Amino acid sequence: MAELKVKVHETESWNCVDVVPDGEYTAVVIKSDVRLSRSRKSRCMRLLLKITEGEFSGYRLLDCTYLMHSQPAPVLHGRRKLAALCVATGINALGDSSQFHDIPIRIIVRNRYDRNGKPASEIREWERIEA
């Protein structure tokens, strides 16, 4: 048996994702990573965003962007989304997803249902917040 010394309440989970109504929100990326799919044929960048203003402040949303896929359409969509996120955050040369962290942006959220029939908030647009 392995001894684990983990304080769960101090660990930020990817699983605590919320559903918010359709609309515009101010948010920041608080966590990011790149993962291979189970089949090892696609690669996805995951961003965990936290809403920072308004009634839903503190709510968290997950966004996945395909960087590699067996089909060209998801990769093209992913590149467009990544370009929009770079413009929204003011990043001209992206080297690491952590560059997105803690930069306030405006997101436009639309709700949909996932393949299990559960409601999910999807980030449809990324916009720069003008100072």
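**Strands, a buried tyrosine and a pocket**

Nine bridges join β1 to β2, and the two strands run antiparallel. Two strands count as paired if DSSP finds at least two bridges between them. The model is predicted: local features need pLDDT of at least 70, side-chain atom pairs count only at pLDDT 80 or more, and totals for chains, interfaces and linings use all residues. Residues are numbered from 1 along each chain as its sequence is written, and side-chain values use heavy atoms, with hydrogens and water left out.

Start with the whole chain. Along the sequence they follow the pattern β-β-β-α-β-β. Helices (H or I, at least four residues) and strands (E, at least two) are DSSP runs, numbered from the N terminus.

Now return to β1. In β2, I51 is the bridge partner of A27. The hairpin of β1 and β2 has six residues between the strands, and R40 there takes a positive phi near 65°. Strand β1 also pairs with β4 (residues 105–113): five bridges join them, again antiparallel. One of these partners is V109 in β4, which bridges to G23.

Next, look at Y25, which sits in strand β1. Is Y25 buried or exposed? Y25 is buried, with a relative accessible area of 10%. Buried means under 20% relative accessible area, exposed over 50%, and partly exposed in between (1.4 Å probe, protein chains only). What does Y25 touch, leaving out residues up to four places away in sequence? Its contacts are V20, I51, F56, I105, R106, I107 and V109. Contact means heavy atoms within 4.5 Å. Y25 and I51 are 26 residues apart along the chain, yet their C-alpha atoms are separated by 6.5 Å. A polar atom of the Y25 side chain lies 2.5 Å from the backbone oxygen of P21.

Finally, find the largest pocket. Its volume is about 1,500 Å³. Of the 36 residues that line this pocket, C44, L62, C64, R112 and R115 are the closest to its centre. A pocket is an open set of points on a 1 Å grid over the protein atoms alone, where a 1.4 Å probe fits, with protein on both sides within 12 Å along at least five of seven lines; lining residues have an atom within 4 Å of a point. Grid points are joined across faces, edges and corners, and the volume is the space filled by probe spheres set on them. Strand β5 gives the largest share of the lining, seven residues.

Technical notes: A polar contact is a pair of N or O atoms within 3.5 Å; within protein, one must be able to donate a hydrogen and the other to accept it, and residues adjacent in sequence count only if both atoms are side-chain atoms.
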